[in-house]
Amino acid sequence: MKKQRPVFAICFGLLLSAFTAYVMLDVFVIKRPLDTNATTINYALFENTPSPSPTPTPDVTPKPGVTEGPTPSPTPTPTPKPSYFSEHVISTDTFYSNDHLSITISEYREHNTQIHVAEVRVTSAKYLLTAFANNTYGRNIYQKPSETGRKLGAVFQVNGDNYGSREGGYVIRNGVLYRSKGNSSKKMDVLCIMPDGDFYFTHSNRESAQSLMDKGAWQVFTFGPVLVDDGEIKVGVKDEVDLCYVTNPRTAIGMIEPLHYLFVVADGRTAKSHGLSIYQVADFMLRQGCTKVYNLDGGGSSTMVFQGKVVNFPTSDGPYLERGVSDIVYLR
């Protein structure tokens with residue numbers, strides 16, 4: 001005689017399956033827009049940013065024996081613009097410059113991997129901008145980086161930290177606080193880009209989002225880890241981001257000095273490009289002169305776009321696939 005399963009056990013199994021399906025949908029699929037016009041840029045942060053030191057005033061003290069006449073007004077000495085900024089737009093396939101930024105695109109090959117590098121200089125950190133997919137802050141709101149940047153007139157963009165795939169992690173963008181909930185993971189370091197262009201590293205266990213706002217944080221990302229700090233590699237050879245392969249497509253941002261940055265995107269998961277470990281990214285960027293380096297979202301999210309063209313080969317498992325992400329870092 002066939003044994004009958006208790007009705008309670010069957011109902012419990014069905015409820016458990018339904019609950020699991022709901023949680024998966026809520027976390028990974030269901031869109032939860034919280035601000036559908038998240039476009040505010042808080043330029044007020046830069047009002048008190050120190051200006052460059054003025055040119056010294058020439059000594060106009062009269063010499064002995066010379067009758068003093070009207071004190072001549074000193075002729076201001078014009079500050080020459082560095083060669084990497086231009087008064088007019090200069091654009092090629094690998095270089096772009098205007099009066100407030102310059103971008104140079106280069107490629108390297110190491111560890112059987114194609115590495116794309118953008119050297120960026122800006123006259124102020126206010127030109128280092130961020131944007132949300134579809135101009136919307138919330139959960140599971142995604143858009144291809146090339147599309148997000150195109151609508152904003154971006155000259156250059158990379159993917160950000162994909163904040164929308166997580167419930168926690170500070171989100172401060174363009175000087176505006178959107179999420180103050182920290183992240184429980186001890187491995188998720190926080191990068192703050194300050195108004196003077198410097199990088200400041202911290203963790204939600206040490207500082208609140210409001211304290212970072214009080215310090216004037218311009219951009220804040222929660223992903224990590226910190227790869228290089230004060231010119232020293234901060235990750236081990238076997239360290240890895242949670243839930244990632246040992247070698248991966250990667251996106252990282254590095255600072256050579258304030259207002260002088262490197263963006264690095266490494267291809268991976270293909271026969272042509274194996275991918276990099278986070279230690280290899282740290283080592284590569286340190287050798288390029290970076291004193292501070294932070295790991296952004298990688299894997300299938302890794303995307304670099306220059307003048308409307310996707311520079312790298314974004315992929316999840318082999319085929320070309322520019323997938324949607326929550327946010328981008330861009331310049332225009």
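Two strands are said to pair if DSSP finds at least two bridges between them, and helices (H or I, at least four residues) and strands (E, at least two) are DSSP runs, numbered from the N terminus. By these criteria strand β3 (residues 95-97) pairs with strand β4 (residues 101-110) in the antiparallel sense over three bridges, and phenylalanine 95 has threonine 104 of β4 as its bridge partner. The model is predicted, with local features requiring pLDDT of at least 70 and side-chain atom pairs counted only at pLDDT 80 or more, while totals for chains, interfaces and linings use all residues. Residues are numbered from 1 along each chain as its sequence is written, and side-chain values use heavy atoms, with hydrogens and water left out.

**Overall composition**

- The protein contains four helices and 21 strands, and 47% of its 332 residues count as buried (under 20% relative accessible area, with exposed meaning over 50% and partly exposed in between, for a 1.4 Å probe and protein chains only).
- Among the contacts (heavy atoms within 4.5 Å) with a separation of 6 or more, 70% are between residues 24 or more positions apart.
- The accessible surface comes to about 17,300 Å², of which carbon and sulfur atoms hold 57%; accessible areas come from the Shrake-Rupley method with a 1.4 Å probe, and for residues only the protein chains shown count as cover.

**The nine-stranded sheet**

- Nine strands form an open, antiparallel sheet in the order β2-β3-β4-β5-β17-β16-β18-β14-β15, with β2 (90-91) and β15 (232-233) as the edge strands, each pairing on one side only.
- β14 pairs with β18 in the antiparallel sense over two bridges, and in this pairing valine 228 stands opposite valine 293 of β18.
- β14 also pairs with β15, again antiparallel and over two bridges, with aspartate 229 opposite glutamate 232 of β15; the two strands form a hairpin with two residues between them, and aspartate 230 in the turn has a positive phi of about 55°.

**Helix α4 across the sheet**

- Helix α4 (residues 278-287) lies across β4, β5 (113-122), β14 (226-229), β15, β16 (250-257), β17 (260-266) and β18 (292-296), and runs at about 30° to β16; axes are lines fitted to C-alpha atoms, for helices over the stretch in contact, and angles run from 0 to 180 degrees between N-to-C directions.
- The buried residues of α4 are Ile278, Val281, Ala282, Phe284 and Met285.
- Seen down the axis of α4, these buried residues fall within an arc of 165°, so they line one face of the helix, the arc being that of the directions from the helix axis to the C-beta atoms.
- Just after α4, glycine 289 adopts a positive phi of about 105°.

**The five-stranded sheet**

- Five strands form an open, antiparallel sheet in the order β6-β21-β8-β19-β20, and because β6 (129-132) and β20 (309-310) at its edges each have a single partner strand, one side of each is left without a neighbour in the sheet.
- Strand β19 (residues 304-306) runs antiparallel to β20 and is joined to β20 by two bridges, with valine 305 standing opposite valine 310.

**Aspartate 161**

- Aspartate 161 sits in the loop between β8 (156-159) and β9 (171-173), and is buried, with a relative accessible area of 0%.
- A polar atom of the aspartate 161 side chain lies 3.1 Å from the backbone nitrogen of tyrosine 163.
- Not counting residues up to four places away in sequence, aspartate 161 touches Arg166, Arg173, Phe221, Thr222, Phe223, Leu296, Asp297 and Asp327.

Key
Polar contact = N/O pair within 3.5 Å; in protein donor to acceptor, adjacent residues only side chain to side chain.
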